[in-house]
Amino acid sequence: MDATSNVVTVLSLIAPLFSVLTEAEYGDVSKIAMQPEMRDAATMLLDGAGRKAVCAAEDDAASPFPDEAFPGGAGGALFPHPFALPSWEVRSTLQNEVLLPGMPLAALPVESLYKPWSSAPGNAFGAQRGLYLGDAARHLQSVYATLQIEVPAHFAATPDHLALTLDLLALFLQNGNAQAASDVARDHLDWLDDYDAALCRSADGAARSERLDNARRAALAEGIAHLRALVALAGRAATKTGAG
């Protein structure tokens with residue numbers, strides 16, 4: 001595969017993992033993730049800098065990939081493979097506690113939540129963060145409308161959800177529109193560090209939560225560590241796209 005094909009392959013796999021999936025859907029993604037070409041694409045995408053980013057996402061948490069590692073980085077250290085997906089029990093705990101709005105530990109991958117709501121002059125809510133359907137969402141709505149792409153109903157309030165943005169980036173790359181892909185990466189994937197920080201706070205909150213038993217705390221530690229690895233991988237793909 002060439003570099004662009006690697007990025008498209010990785011994006012197409014990880015995009016749905018930022019949304020809420022059924023057990024059957026997660027099983028399908030897990031089967032795809034185990035295919036050799038998927039792992040090869042991730043390996044080629046993650047050079048030394050990318051591997052360090054994904055490894056950093058695993059800091060202070062037990063590795064969810066004890067049997068899935070490959071050499072990389074300085075000194076040949078082992079790097080956990082982000083395509084070794086956690087069990088459904090871990091994934092469902094992550095979804096119920098972190099990827100659903102309104103939960104105490106929620107950290108949603110929605111761009112508007114991490115940026116000022118609007119840059120329009122005189123807007124009373126412009127500087128506020130944590131609101132849905134901000135400038136980023138409205139811009140992406142216009143992009144989808146131009147492309148005649150219908151946003152799924154369950155994303156109606158979040159057209160700037162990371163799952164959709166990664167799919168859009170993959171679509172532009174797959175169709176040879178490098179400039180549009182670069183624009184998406186530059187304008188709509190510059191908040192991933194903030195999202196990673198939100199996931200860190202969720203992990204800290206889970207470790208201290210008295211309402212969670214030990215099994216759920218352990219599941220959340222594993223699930224959040226894996227999601228952070230995927231965020232780092234998405235960021236690496238965005239960097240490669242912008243540099244391409």
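The legends below describe views of a predicted model of one protein chain.

**Figure 1. The whole chain and its elements.**
The predicted chain has 244 residues, of which 48% count as buried. Its secondary structure consists of 10 helices and two strands. Read from the N terminus, the order of elements is α-α-α-α-β-β-α-α-α-α-α-α.

**Figure 2. Confidence along the chain.**
Mean pLDDT for the chain is 84, with 81% of the residues at 70 or more. Helix α5 (residues 88-98) has the highest confidence, at a mean of 98. The lowest is found in strand β1 (residues 69-71), where the mean is 32.

In one stretch, residues 48-55, pLDDT stays under 50. The model gives residues 48-55 18 contacts beyond four places in sequence. The other stretch, residues 57-80, also has pLDDT below 50. For residues 57-80 the model shows 49 contacts beyond near neighbours in sequence. Strand β1, at residues 69-71, has a mean pLDDT of 32.

**Figure 3. Packing of helix α1 with helix α3.**
Helix α1 spans residues 3-14 and helix α3 spans residues 36-45. The two helices pack at an angle of about 115°, and their axes are 9 Å apart. The crossing in which α1 passes α3 is left-handed. On the α1 side, the contact is made by N6, V7, T9, V10 and L13. On the α3 side, M38, A41, A42, M44 and L45 take part. Eight of the residues in this contact are nonpolar and two are polar, while none is charged.

G27 lies in helix α2, which covers residues 23-33. The relative accessibility of G27 is 25%, so this residue counts as partly exposed; a buried residue would have under 20%. W88 is 61 residues away from G27 along the chain, yet the C-alpha atoms of G27 and W88 are separated by 8.0 Å. W88 falls within residues 88-98, the range of helix α5.

Terms used. Residues numbered from 1 in each chain as written. Predicted model: local features only at pLDDT ≥ 70, side-chain atom pairs only at ≥ 80, totals over all residues. Heavy atoms only, no water. Axes fitted to C-alpha atoms, helices over the stretch in contact; angles between N-to-C directions. Helix = DSSP H or I, 4+ residues; strand = E, 2+ residues; numbered from the N terminus. Left-handed = near helix turned anticlockwise from the far one by under 90°. Contact = heavy atoms within 4.5 Å. Nonpolar A, V, L, I, M, F, W, Y, C, P; charged D, E, K, R; others polar. pLDDT = per-residue confidence, 0-100. Buried < 20%, exposed > 50% of the residue type's maximum accessible area, 1.4 Å probe, protein only.
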